[in-house]
Amino acid sequence: MSVTQPPADTPFGLEPNVAAGLAYLFGLVGGIVIAVGGGTNKFVRWSAAQSITMWALWIIIWKGLGLLAATIIFAPLVVLAVFVLPILGLVLWLWTFITAFQGKEVQVPLVADLTRAVFKSYLQ
């Protein structure tokens, strides 16, 4: 019986698709853990960086709209903050982690460009 060695270029010896999927599955924390876990696999590093960017941005927008809606009492912002953003977050979460577990790279529109700018040195 032969024993296969775990991948050396991914965090914690995980398969690349599993590491990328976990980065998205556990949101901001998952992205940070996978990024800090090391590894040189570009697919995994991209997934961790984009997960961090996407969920940090989502939290900032959600809290900002909620604060703005509470202080100004602007009904369309309340609807956006309470109904649309959670649904958008759920759809993004499902799409990113399912696609990553399948081993396919995800490029979320707008977020991908911001990720490249913020994590330029990390992604090289």
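## Aromatic pairs

Phe97 and Phe101 both belong to helix 4 (residues 75–101) and sit 4 residues apart, so about one helical turn separates them. In general, an α-helix has 3.6 residues a turn, so residues three or four places apart point the same way. This is a predicted model. The pair-finding rule gives a count of 5 aromatic pairs. Phe97 with Phe101 is an edge-to-face pair, 6.2 Å from centre to centre, with 90° between the planes. Phe97 is buried, because its relative accessible area of 14% falls under 20%. Phe101 is partly exposed, with a relative accessible area of 28%.

Phe119 and Tyr122 also make an edge-to-face pair.

## Charges over rings

Two rings have a charged side chain over them. Which residue lies over the face of Tyr122? Arg45 does, at 4.0 Å from the ring centre. The ring of Trp62 has the charged end of Lys63 over it, 5.0 Å from the centre.

## Trp55 and its surroundings

Trp62 is also part of an aromatic cluster with Trp55 and Trp58. Trp55 lies in helix 3 (residues 42–72). Is Trp55 buried or exposed? Its relative accessibility is 9%, so Trp55 counts as buried.

Beyond its neighbours within four places in sequence, Trp55 is in contact with Tyr24, Gly27, Leu28, Gly89 and Trp93. Trp55 and Val111 are 56 residues apart along the chain. Their C-alpha atoms are separated by 9.8 Å.

## Helix 1 against helix 2

Helix 1 (residues 16–25) packs with helix 2 (residues 27–36) at an angle of about 140°. The two axes are 5 Å apart.

By class, the contact residues are 6 nonpolar and 3 polar, with no charged residue.

Which residues of helix 5 are buried? They are Val111, Ala112 and Thr115. Seen down the axis of helix 5, these buried residues fall within an arc of 100°, so they line one face of the helix. That buried set packs against helix 3 and helix 6 (120–123).

The face turned away from the buried side carries Asp113 and Ala117, both exposed.

## Positive phi outside glycine

Phe12 is not a glycine, yet its phi is positive, about 60°. Phe12 sits in the segment before helix 1. With 58% relative accessibility, Phe12 counts as exposed, because the cut-off for exposed is over 50%.

Leu110 is another residue other than glycine with a positive phi, near 70°. Where is Leu110 placed? Leu110 is in the loop between helix 4 and helix 5 (111–118). Leu110 is exposed, with a relative accessible area of 73%.

Conventions
Residues are numbered from 1 along each chain as its sequence is written. This is a predicted model: local features need pLDDT of at least 70, side-chain atom pairs count only at pLDDT 80 or more; totals for chains, interfaces and linings use all residues. Side-chain values use heavy atoms; hydrogens and water are left out. Helices (H or I, at least four residues) and strands (E, at least two) are DSSP runs, numbered from the N terminus. Buried means under 20% relative accessible area, exposed over 50%, partly exposed in between (1.4 Å probe, protein chains only). Contact means heavy atoms within 4.5 Å. Axes are lines fitted to C-alpha atoms, for helices over the stretch in contact, and angles run from 0 to 180 degrees between N-to-C directions. Ala, Val, Leu, Ile, Met, Phe, Trp, Tyr, Cys and Pro count as nonpolar, Asp, Glu, Lys and Arg as charged, and the others, Gly among them, as polar. Rings of Phe, Tyr and Trp (its six-membered ring) pair if their centres lie within 6.5 Å; planes under 30 degrees apart count as stacked, over 60 as edge-to-face and the rest as tilted. A charge sits over a ring if NZ of Lys or CZ of Arg is within 6 Å of the ring centre and within 35 degrees of the ring normal. The arc is that of the directions from the helix axis to the C-beta atoms.
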